[in-house]
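Hi,

Here is the structure I promised to pass on. Have a look at it first, and then read my notes below.

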Amino acid sequence: LQHTALWAKKGRDKLKHTFVLDSGTNINAVSDRSSFIPATIETCSVAIHTGNGHDTATQKGQVFVVDDRTNRYVLFNEVYYLAKFKVAMISLNQCLT
């Protein structure tokens with residue numbers, strides 16, 4: 001499990017979030033709807049298996065992220081909204097494929 005601090009961009013404002021870069025997950029997830037690019041939000045109902053059982057993602061969309069150490073920008077396409085999560089998760093496996 002690796003951790004990194006990234007910035008989620010919303011319009012021109014930067015909102016600081018902590019993302020967990022996780023090699024054990026196969027999804028990207030956020031618990032803050034403001035992380036999404038507004039025009040990309042879609043309603044969904046996807047069962048997600050978590051370390052604490054199950055949850056249901058009710059929305060998905062795109063999140064635009066900039067690494068605060070390198071200033072490099074990344075667009076994550078299929079990011080699920082999970083209200084109970086405490087931090088945002090990025091799948092290392094999806095980043096490498």
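Let me start with an aromatic residue. Tyr-73 is partly exposed, at 47% relative accessibility; that label covers everything between buried (under 20% relative accessible area) and exposed (over 50%), with a 1.4 Å probe and protein chains only. Tyr-73 forms a stacked aromatic pair with Phe-64, at 5.3 Å centre to centre and 15° between the planes. A search of the whole structure turns up 1 aromatic pair. For the cut-offs, rings of Phe, Tyr and Trp (its six-membered ring) pair if their centres lie within 6.5 Å, and planes under 30 degrees apart count as stacked, over 60 as edge-to-face and the rest as tilted. Phe-64 is partly exposed too, with 28% relative accessibility.

Before you go further, some ground rules. This is a predicted model, where local features need pLDDT of at least 70 and side-chain atom pairs count only at pLDDT 80 or more, while totals for chains, interfaces and linings use all residues. Residues are numbered from 1 along each chain as its sequence is written, and side-chain values use heavy atoms, with hydrogens and water left out.

On confidence: pLDDT is the predictor's confidence in each residue, from 0 to 100. The chain has a mean pLDDT of 79, and 82% of its residues reach 70 or more. Residues 1-16 have a pLDDT below 50, yet beyond near neighbours in sequence this stretch has 42 contacts in the model (contact means heavy atoms within 4.5 Å). Where pLDDT is low, the predicted coordinates should not be read in detail.

Now the layout. The chain has 1 helix and 7 strands, in the order β-β-β-β-β-β-β-α from the N terminus. These are DSSP runs numbered from the N terminus: helices are H or I with at least four residues, strands are E with at least two. Of the 97 residues in the chain, 38% are buried. Among contacts between residues at least 6 apart in sequence, 57% join residues at least 24 apart.

How do β4 and β5 pair? Strand β4 (residues 42-50) runs antiparallel to strand β5 (residues 53-67) over 7 bridges, and the two form a hairpin with 2 residues between them. DSSP has to find at least two bridges between two strands for them to count as paired. Within this pairing, Val-46 stands opposite Ala-57 in β5.

β5 is also joined to strand β6 (residues 73-81), again antiparallel, by 7 bridges. Here Gly-61 faces Val-79 in β6. This second hairpin has 5 residues between its strands. Asn-71 sits in that loop between β5 and β6, and its phi is near 65°, a positive value in a residue other than glycine. For context, most residues other than glycine have a negative phi, and most peptide bonds are trans.

Which residues make up the largest nonpolar core? There are 11 in all: Phe-19, Leu-21, Val-30, Phe-36, Val-63, Val-65, Phe-76, Val-79, Tyr-81, Ala-88 and Ile-90. The term means a set of buried Ala, Val, Leu, Ile, Met, Phe, Trp, Tyr and Cys residues joined through side-chain atoms within 4.5 Å. β2 (13-22), β5, β6 and β7 each give two or more residues to this core, and β6 has the largest share, with 3 residues. Apart from it lies another core of 10 residues, including Val-20, Ile-27, Cys-44 and Tyr-80.

Ile-90 is worth a click: not counting residues up to four places away in sequence, it touches Phe-19, Val-20, Leu-21, Asp-22, Thr-25, Ile-27, Asn-28, Phe-76 and Cys-95. Ser-91 belongs to strand β7 (residues 88-91) and counts as buried because its relative accessible area is 0%. Leaving aside neighbours within four places in sequence, Ser-91 is in contact with Asp-22, Thr-25, Asn-26, Ile-27 and Asn-28.

Another buried serine is Ser-35, with a relative accessible area of 2%, in the loop between β3 (28-30) and β4. Its C-alpha atom is 9.5 Å from that of Tyr-81, a residue 46 places away along the chain.

Last, the cysteines. Cys-44 is buried at 15% relative accessibility, while Cys-95 is partly exposed, with a relative accessible area of 40%. How many disulfides are there? The count is 0, taking a disulfide as a pair of cysteine sulfur atoms within 2.5 Å.

Cheers
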